[in-house]
Amino acid sequence: MATYKEFHARSVREPEAFWAEQATMIDWHRPFDKVLDYSKPPFRSWYVGGLTNLCHNAVDRHLAARGNQKALVWVSTEVEQEKSWTFTELHEEVNRFAAILQSLGVGKGDRVLIYMPMIPEAVFAMLATVRIGAVHSVVFGGFAAASLAARIDDATPKVMVTADAGARGGRSIPLKPLVDESIQLAKTPPRHVVIVNRGLDKGFATVAGRDLDYAALREKHSGAKVPVTWLESNEPSYILYTSGTTGKPKGVQRDTGGYCVALAASMKHIYCSKPGEAYFSTSDIGWVVGHSYIVYGPLINGSTTIMFEGLPIRPDPGIWWKIVADYKVTSMFSSPTAIRVLKKQDPAFMKKHDTSSLKYLFLAGEPLDEPTARWVDEALGVPIIDNYWQTETGWPMLSACPGVEDTPRKFGSPSFPVYGYNVTLKEEATGREAKADEKGVLCVIPPLPPGAMTTVWGDDERYVKTYYGLFRDQLVYSTFDWAVRDSDGYYFVLGRTDDVINVAGHRLGTREIEEAVQAHSNIAEVAVVGVADSLKGQVPVAFAVAKDSSSVATKELAAAQEKAVMATVDRELGAIARPARVHFVSALPKTRSGKLLRRSIQALCEGRDPGDLTTIEDPTALEQIRAALKG
Ligand code: AMP
């Protein structure tokens with residue numbers, strides 16, 4: 001067996017030969033003519049001319065060999081249900097859903113917006129969409145109506161799929177009213193809304209002709225067979241919106257063939273999941289991990305994928321380990337925040353269940369701190385593998401690859417560049433390669449490997465400007481993360497270079513939150529910063545200037561305004577973006593040219609030195625931040 005170092009080196013030295021070999025892991029309806037077309041950098045096309053389909057590879061391909069094997073297991077501790085679907089049953093459901101979408105006029109290239117809780121119908125909807133060559137855009141169920149409306153206007157879906165409600169901590173959370181509101185706000189509303197009625201929100205309103213009941217449609221399309229629509233490898237499979245430095249989220253566009261190959265290869269080389277084994281990712285389908293490692297990756301691999309609706313501590317903190325024991329999970333994927341939550345609980349809950357089937361625990365989405373890594377390593381007794389990646393990359397970019405070689409791991413490091421990624425660390429000012437132990441911007445020399453984003457939906461220029469604009473004289477993809485590489489070649493990720501923050505593994509733009517705060521009529525100005533938090537990694541904290549200063553003149557009044565601002569953010573963006581605190585000040589620290597000194601504010605919040613303040617316009621503004629934090 002090749003060492004990992006050789007494996008990686010070959011992947012960047014001979015990308016065509018390397019990725020042609022990986023491509024044999026999936027079915028092609030028509031073989032590709034060319035592995036890689038890189039004639040228009042930084043755009044690249046993988047597997048040019050090849051015809052394939054994600055749904056075929058995730059479902060149909062397995063019917064002959066594993067039709068009776070469980071494909072999807074759904075465990076909901078919210079509604080106390082546990083159900084499973086074999087590949088044959090999943091095929092049936094997906095065909096019915098595909099027939100529903102076709103009956104509503106959805107065809108190749110059309111968009112379907114999926115705004116759903118963690119229920120199996122969300123998976124059916126995703127697979128059905130790609131089956132017919134349409135493009136899905138899954139929006140996390142925690143986003144509010146205005147965010148949803150912005151995504152509707154950007155993706156212009158023909159159909160939306162939703163549910164009456166989600167559930168969290170035993171409480172139902174209505175979704176349909178938010179859909180109605182978003183459609184009112186949107187300039188390009190969808191023609192139809194398909195509603196999975198779970199009976200959680202009795203009496204939700206419907207719009208005749210537009211809103212359709214999923215159960216009735218499903219009944220109507222019983223036994224439907226919908227042939228797969230074969231797509232050229234580079235045709236889009238989905239759009240997934242993610243936050244950046246501007247208020248407008250970017251639609252990360254994914255292709256079909258390259259993504260399918262990248263996921264199939266990662267299941268073998270990174271996740272070590274064998275077909276037939278159970279794979280459990282605790283993420284949500286609204287995030288990239290949910291797309292790649294709840295739905296597509298495990299199913300393409302012929303694994304049993306486990307979808308969980310609930311909290312990790314309900315009914316008790318042993319629930320995830322019970323699932324591992326019940327389904328003999330071999331590979332599990334979660335986030336550092338979730339493990340920090342479990343770390344606070346009685347360890348007896350972990351020991352209560354037989355987790356001996358587990359071979360690996362993968363953690364991703366945010367920095368994995370050493371104490372958390374050590375704790376879970378000792379508690380579970382399996383290798384803990386830190387994965388670093390982004391919505392943009394679609395699959396890990398830095399990780400150990402135990403399926404290739406069991407390289408030693410260092411706590412706090414996601415190990416090495418993953419095969420296919422020609423990673424480079426750049427000194428920000430000069431573009432020079434950073435030396436060992438020197439901080440640099442984590443970049444990738446293009447072409448990006450299969451599976452990584454192809455462009456920003458509808459905006460090639462934004463794609464090039466945003467991701468490749470770091471240096472004038474060098475074409476490199478920037479991750480916007482700082483990192484260092486030690487003398488053994490291990491990478492350590494140090495945080496973002498931009499104003500993006502990471503709350504419990506969820507990426508949020510401070511600009512986006514500031515715009516949401518400003519939607520409150522009494523806010524003149526606001527600065528939002530990400531502040532270190534022992535549980536969630538970071539939390540947003542806002543400093544606002546009220547238009548009417550008398551409205552925040554006393555502690556009680558300020559507290560009432562703080563509540564009102566938080567409610568505005570809930571309404572505009574969703575509760576995940578709600579600032580942990582809203583402090584009122586009469587001026588914000590800015591440079592003389594009017595730029596907010598977010599870094600200095602953040603430093604003060606974290607008890608650090610605010611740094612170079614020679615350009616500050618009004619030093620008393622910083623004093624106000626200090627005073628607000630004390631008060
Ligand atoms: P998202 O696109 O929402 O998955 O967020 C991606 C961002 O999360 C990255 O750019 C990093 O800032 C952060 N991130 C993801 N995984 C890790 C990790 N393993 N270690 C440190 N930061 C991470």
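Helices (H or I, at least four residues) and strands (E, at least two) are taken as DSSP runs and numbered from the N terminus. The structure is a predicted model, in which local features need pLDDT of at least 70 and side-chain atom pairs count only at pLDDT 80 or more, while totals for chains, interfaces and linings use all residues. Residues are numbered from 1 along each chain as its sequence is written, and side-chain values use heavy atoms, with hydrogens and water left out.

Several features of the backbone lie in loops. Ser-415, in the loop between β21 (398–399) and β22 (416–417), has a positive phi of about 65° although it is not a glycine. A cis peptide bond, with omega of about -5°, joins Arg-314 to Pro-315, and Pro-315 is placed in the loop between β17 (304–309) and α12 (319–327). The bond from Pro-446 to Pro-447 is also cis, with omega near 10°, and Pro-447 belongs to the loop between β24 (440–444) and β25 (455–456). Most residues other than glycine have a negative phi, and most peptide bonds are trans.

Helix α6 (residues 120–131) packs with helix α11 (residues 288–301) at an angle of about 60°, their axes being 11 Å apart; axes are lines fitted to C-alpha atoms, for helices over the stretch in contact, and angles run from 0 to 180 degrees between N-to-C directions. Therefore α6 is oblique to α11, since angles under 35 degrees count as roughly parallel, over 145 as roughly antiparallel, 65 to 115 as roughly perpendicular and the rest as oblique. The contact (heavy atoms within 4.5 Å) is made by Val-123, Met-126, Leu-127 and Val-130 of α6 and by His-291, Val-295, Tyr-296 and Leu-299 of α11.
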